[in-house]
Amino acid sequence: MTYIAKPKLHHPSLVKNKAGFTRRDYEGAVSTLCAGCGHDSISAAIIQACYELDILPHQVAKLSGIGCSSKTPTYFVGASHGFNTVHGRMPSVLTGANLANKDLMYMGVSGDGDSASIGIGQFAHIMRRGVNMTYIVMNNGVYGLTKGQFSATADKGSISKKGVSNADSSIDMVSMAMLMGATFVGRSFSGDKHQLVPLIKAAMSHKGAAFLDVISPCVAFNNHAGSTKSYDYVREHNEALNRIDFIEGRDEITTDYAPGTATVVQQHDGSILRLRKLGEEYDPSDKIAAMKRVQEGLQSGEVVTGLLYVDPLPQDLHANLNTVDVPLNTLNKPELCPGSAALDRINASLR
Amino acid sequence: MPQAIAAVNDFVVKFANVNGSGSASANELFARSILRMGVPVSPRNIFPSNIQGLPTWYEVRVTEKGYLGRRGGVDMMVAMNPQTWAEDVKEITPGGYLFYDSTKPMPSSAFREDINVIGVPLTAICNATYTDARQRQLFKNIIYLGALSVLLGIDENEIKRLFGEQYKGKEKLLDSNAKALALGRDWVAQHIDPSIVKLKVKRADNVGDRIFVEGNNAAALGAVYGGATVCAWYPITPSSSLAEAFMAHCKKLRHDKETGKAKYAIVQAEDELASIGIVIGAGWNGARAFTSTSGPGISLMTEFIGLASFAEVPAVIVNVQRGGPSTGMPTRTQQSDLLSCAYASNGDTKHVLLFPEDPKECFDFTAEALDLADRLQTPVFVMTDLDIGMNHRLCQPFQWDETRDLDRGKVMTAEDLEAGKNFGRYLDVDGDGIPFRTYPGTHPSKGSYFTRGTTKDEYARYSEEGPVYVRNMERLQKKFLTAARIAPQPVRYSSPKPTSYGVIYFGSTSPAMAEALDHLEEAGNHVNALRVRSFPLATSVEEFVHEHDKVFIVEQNRDGQFRSMLMNEFTFDARKLVPVLHYDGTPITARFIAADIAKKLAQFKVVPFEKAAS
């Protein structure tokens, strides 16, 4: 039930961003998810990130698969086109959309059921192709819409609401993404807006395959004792490696960083990611170290969050294919059709 | 001496080779050199699902009359594969010829008394000339080409000219091939009287300006001319060469002259699921996109095809059909994916299919499919098959009307939205069942909508209300009727005499059917014919059936799938539609069609007992 429109009344005091839009302009329809669902917090973080990035709302394209998480694109950036595709196959549709028009910003929204089970193949391949997008998995370890079955990201030994223990190993989506070649990989928690919003902004500014695994507790089916994706469990086991400040390239950098307190990563579009270290030394541009740290977290049961890996100078699919600078969907007969003289030459070569 | 078949410009030569031995190019030179003498040929590859080692055949029909279907029967066998020797020898028509490598003596039991045997010591000639093993193998093929050219009367200059075109700039290769050709010619000239072979090629003028091309290559070129910018595919026989040809054409025709950048994107996807997903994503976002596949790929794509149909997203799928079901006969031909394509998906769905008869129509229909998909906002299938797709076929030259523009269909622009035009994504504003769409990113505040596979109202709002659902389904049905009007219409061939018998056929059956109609006519069996070129079926198909007492439905599958579609779409007496079915994986022949129809006609013409008695 996603047809409930939000009233469009704007409070006059709402602040407009540089693009001339208020935060409300980035909202969508009223959510029909359960009250307290982590996914709604992620939608709110996406709205905030788009607002802060001064994005033109219609320049976003939102694509999703099937499931609770895949419903959320109706709940944010209502002025943009959305595509609720088929189960697990959003990545291919997003890839095609991206090929057609490289100028839009692509937001792929999926869940653990959608991306880690039926869609794991397409998940892997969109990462290895380097499609320029932000791919968010709203990860709650459970099938919500079908009422509480384990998903493939449920931890081994975690207990379902019905008391069943999960015997299968879990799939770690950030490890998968790194292995498959994603060039921006982060993990966060739906309950940690301060970490999540800058991560989304940084991912959206990344000109390559950016992946965010967001642990998002299911209040209906996976928020009990024995679950490893509950609010309580994630808060207790959240091991944040860093918090980032996202600074757009066009902004003047006014803050000085005390040497050694922050790692600064400049992305291809000029945006700057300032990583405030929490706890230990961590270099997110070192992929091998990142994979090691994530694996250590899996062993010890901590949920390692933050910007885990970034390649600041990625090459995206369009660069690999050497496509023209304008979107392919703007090309027309003069650019595409070689004409009858060329056809006559081809005919002559076939005699 | 056994009887010897004598024929000028009307015979079949079959080459039996080992896959991967380099015979393909020599065999193609054989076919092309005859073509250059103005005599139409129709070659067919009969090949295994294998890279090297298994048997492969190349059958060339030399046909001055221009009958391009498979004839059946073998007048001369070029038996180069010991593995299949026995069956190859057996296949020769009595009075026919066996050409073989006589280096090793063969027992007389290996031959037949009713055929003419011509032995040329190919291996011995090779071994005496070449030391390199690969050269020995490759040039053996050219040597037999030289030998055959003398025996059959093929102008050696035509072969040399073809060498010149093939090896332009590689003079060394040109010389060595010319030398190998001479080796074969000289040996025959010195040892055999060519008049013992009574199959001859004689220069004619029946080729005209026709071109000689594979359907897959032609369809790929049609995709270039039709403005496809996105191609996503997964390798599957017999369609792989289509995407590869698209790549080759784009490299020549679609790079920006100044920057060298590509005006296209080709993705070899991880599977057919992703291929069609990419095509749908691109189509949704306003680019023309296509995929090429074969039967098993269609099975995988079916869920997505349902989405594209119900969400109304353009997509073009070229299905180069092969033998099914399942992996079936991957290197054999059939027309057995009609039902799986026409009604692909769960729920009530129907799709647009186009049936090209030859490479020319592969070109035309692929370009047209891209227009139709945009116009109708739905998947459009180009239903070709292995017989058309992977064989060189003589056909009319490609043509392009310079005034033709890409038909993008009903797309609402930013200006339209700004001017206040009412935009309902699924709103039928003019009665053809086709709504307007907007491309993502068109307007800052107007025209955005949510695309989904769930049911929705005219303004793309989710709804599971019965009346809303029914309205949408009825509009889609209306759109389907529009498709029947704008897709390529059937072509009718009327018998010179009035008749109550008709025949309906489509696709690659066409050349065999044209020849069969001549045979039937000669035998006094008058039949009107209708070549159907698209589904949904035009009203003229219904009229054609009503016009006749019996209508033969000729198709290359077991179940009479096209006949089922006729029954499904119209109301006919089932007894009226008589199936003529050929489905052993080989291309249908005129001999088969004419014989089957003649046999059935004879049965109908027997007056039933009750009728005679009354």
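Two strands count as paired if DSSP finds at least two bridges between them. In this predicted model, strand S2 (residues 81-84) of chain A and S17(B) pair in the parallel sense over three bridges. Within S17(B), Arg452(B) is the bridge partner of Asn84(A).

This pairing belongs to an open sheet of nine strands with mixed pairing, whose order is S9(A)-S13(A)-S7(A)-S8(A)-S4(A)-S3(A)-S1(A)-S2(A)-S17(B). Strand S9 (238-240) of chain A and strand S17 (450-452) of chain B stand at the edges, and because each has a single partner strand, one side of each is left without a neighbour in the sheet. On average, and with direction ignored, neighbouring strands of this sheet are turned by 20° against each other.

Helix H3 (residues 90-100) of chain A lies across four of these strands, namely strand S1 (60-64), S2, strand S3 (105-111) and strand S4 (133-139) of chain A, and runs at about 175° to S3(A).

For chain B, the domain assignment gives the following bounds.

| Domain of chain B | Residues |
|---|---|
| domain 1 | 7-200 |
| domain 2 | 213-395 |
| domain 3 | 414-486 |
| domain 4 | 491-610 |

Between domain 1 of chain B and domain 4 of chain B, the C-alpha centres lie 37 Å apart, and the contact takes seven residues from domain 1 of chain B and eight residues from domain 4 of chain B. On the side of domain 1 of chain B that touches domain 4 of chain B, the residues divide into two nonpolar, two polar and three charged.

Technical notes:
Residues are numbered from 1 along each chain as its sequence is written. Chains are lettered from A and ligands numbered from 1 in the order in which they are written. This is a predicted model: local features need pLDDT of at least 70, side-chain atom pairs count only at pLDDT 80 or more; totals for chains, interfaces and linings use all residues. Helices (H or I, at least four residues) and strands (E, at least two) are DSSP runs, numbered from the N terminus. Axes are lines fitted to C-alpha atoms, for helices over the stretch in contact, and angles run from 0 to 180 degrees between N-to-C directions. Two residues are in contact if their C-beta atoms, placed from the backbone, lie within 7 Å. Domain bounds come from an automatic or database domain assignment. Ala, Val, Leu, Ile, Met, Phe, Trp, Tyr, Cys and Pro count as nonpolar, Asp, Glu, Lys and Arg as charged, and the others, Gly among them, as polar.
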